[in-house]
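Here is a set of questions and answers on one protein model. Look through the structure, then read on.

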Amino acid sequence: MTENGLSPKDPSSHLVHSSDISESEEDPDEITHELIIEDPDAIDIDLNHCRIGKIQNLEGTTHVETLCLRQNLVKTIEGVSTLVHLRELDLYDNQITKIENLEALVNLDQLDLSYNRLRKIEGLENLTNLRKLFLVNNKISKIENINHLTKLQMLELGANRIRVIEGIDQLVNLHSLYLGKNKISKLQGLDNLTKLTCLSVQSNRLLKIEGLENLTELDELYLSHNGLECIEGLEACNKLTTLDLAGNRIKKIENIEQLEDLAEFWFNDNSVGSWEEVQALTSLKKLETVYLERNPIYFDSSKQQDPSYRRKVKLALPWVRQIDATLAR
């Protein structure tokens with residue numbers, strides 16, 4: 001869903017102005033606005049941060065394909081049953097507690113319910129054409145009721161309360177899976193996701209890299225800020241171009257020589273104490289960016305940055321273009 005809103009000059013769109021919105025008297029403790037649509041032929045309705053409290057008055061807008069109501073005060077999904085042509089529904093950052101009343105939206109391609117108050121994934125039975133589903137920053141504790149969404153290509157479940165990777169084995173067309181900032185302790189349930197190109201499970205409770213044997217198309221892997229102690233389990237991931245293992249407890253750089261296409265290696269805030277470990281990267285001639293800061297090799301005897309740190313990295317890997325956040329010279 002675009003962040004830019006819509007141009008009022010676009011004849012196919014109708015951006016409602018403040019003069020089109022009347023105050024609702026439903027809740028005197030929280031001032032909300034009522035949505036009034038003037039153009040029944042509107043295709044795109046984009047109303048961000050307008051204090052809209054209720055989805056209503058859309059019965060006549062049967063041509064709408066995108067409805068964006070970001071950063072409002074909506075508490076309930078309702079009033080959308082007539083929007084049978086809707087392809088994108090964006091209710092990011094509202095006050096919604098339940099996924100419901102979406103049965104008629106059989107053409108929906110993209111659904112964003114991030115930053116709400118959801119505790120359960122439900123109500124998606126009819127959305128079999130969905131390709132992108134965003135449920136970031138809710139209170140969801142279990143991955144469920146989405147295994148029938150076999151056209152899904154992107155699934156975003158970051159910043160929830162999920163403990164187990166489960167209930168997604170039928171999502172064989174999934175390209176991107178984001179599970180960062182949860183409570184996951186094991187990489188599992190991924191065997192059938194052979195089209196996956198991006199997997200993000202950073203800031204969880206992982207202790208081991210495993211369960212990636214079938215992910216031969218993986219291009220980006222993000223496992224930073226876990227409890228990993230060694231690099232392993234990447235034998236089948238030969239197409240990786242980005243590997244993020246920052247913020248773990250790894251002492252040795254190993255088992256990555258097969259990653260010939262690796263361009264980004266993020267390994268800062270680990271436990272590498274010997275410069276001999278950096279030699280393991282010398283066979284990766286496509287490497288462009290390497291992060292090694294705040295490993296023991298980064299510091300001198302007084303626990304300050306070693307003045308020769310960047311020079312040593314450059315000597316070991318003279319072809320890299322960026323060392324940490326700074327371009328190499």
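**Loops, charges and a helix**

Q: Does Q188 count as buried, partly exposed or exposed?
A: This model is predicted. The relative accessibility of Q188 is 28%. Buried would need under 20%, and exposed over 50%. Q188 therefore counts as partly exposed.

Q: How far apart in space are Q188 and E210, C-alpha to C-alpha?
A: Q188 sits in the loop between β9 and β10. In sequence, Q188 and E210 are 22 residues apart. In space, C-alpha to C-alpha, they are 7.5 Å apart.

Q: Which residues form a negative surface patch?
A: One of them is in the loop between β9 (176–178) and β10 (198–200). That residue, D191, is partly exposed, because its relative accessibility is 43%. The patch consists of D191, E213, E235 and E257.

Q: Within what arc do the buried residues of α1 fall?
A: Helix α1 covers residues 309–316, and Y309, V313 and A316 are buried there. These buried residues line one face of the helix, because, seen down the axis of α1, they fall within an arc of 65°.

Q: Which residues are exposed on the other side of α1?
A: An α-helix has 3.6 residues a turn, so residues three or four places apart point the same way. In α1, the buried residues line one face. Exposed on the other side are R311 and L315.

How values were computed
Residues are numbered from 1 along each chain as its sequence is written. This is a predicted model: local features need pLDDT of at least 70, side-chain atom pairs count only at pLDDT 80 or more; totals for chains, interfaces and linings use all residues. Side-chain values use heavy atoms; hydrogens and water are left out. Buried means under 20% relative accessible area, exposed over 50%, partly exposed in between (1.4 Å probe, protein chains only). Helices (H or I, at least four residues) and strands (E, at least two) are DSSP runs, numbered from the N terminus. The arc is that of the directions from the helix axis to the C-beta atoms. Patches are made of residues with over 30% relative accessible area and no salt bridge: like charges are joined within 9 Å, nonpolar side chains (Val, Leu, Ile, Met, Phe, Trp, Tyr) within 5 Å. Accessible areas come from the Shrake-Rupley method with a 1.4 Å probe; for residues, only the protein chains shown count as cover. A salt bridge is a side-chain nitrogen of Lys or Arg within 4 Å of a carboxyl oxygen of Asp or Glu. Lys and Arg count as positive and Asp and Glu as negative; His and the chain ends are not counted. The place of a charge is taken as NZ of Lys, CZ of Arg, CG of Asp or CD of Glu.
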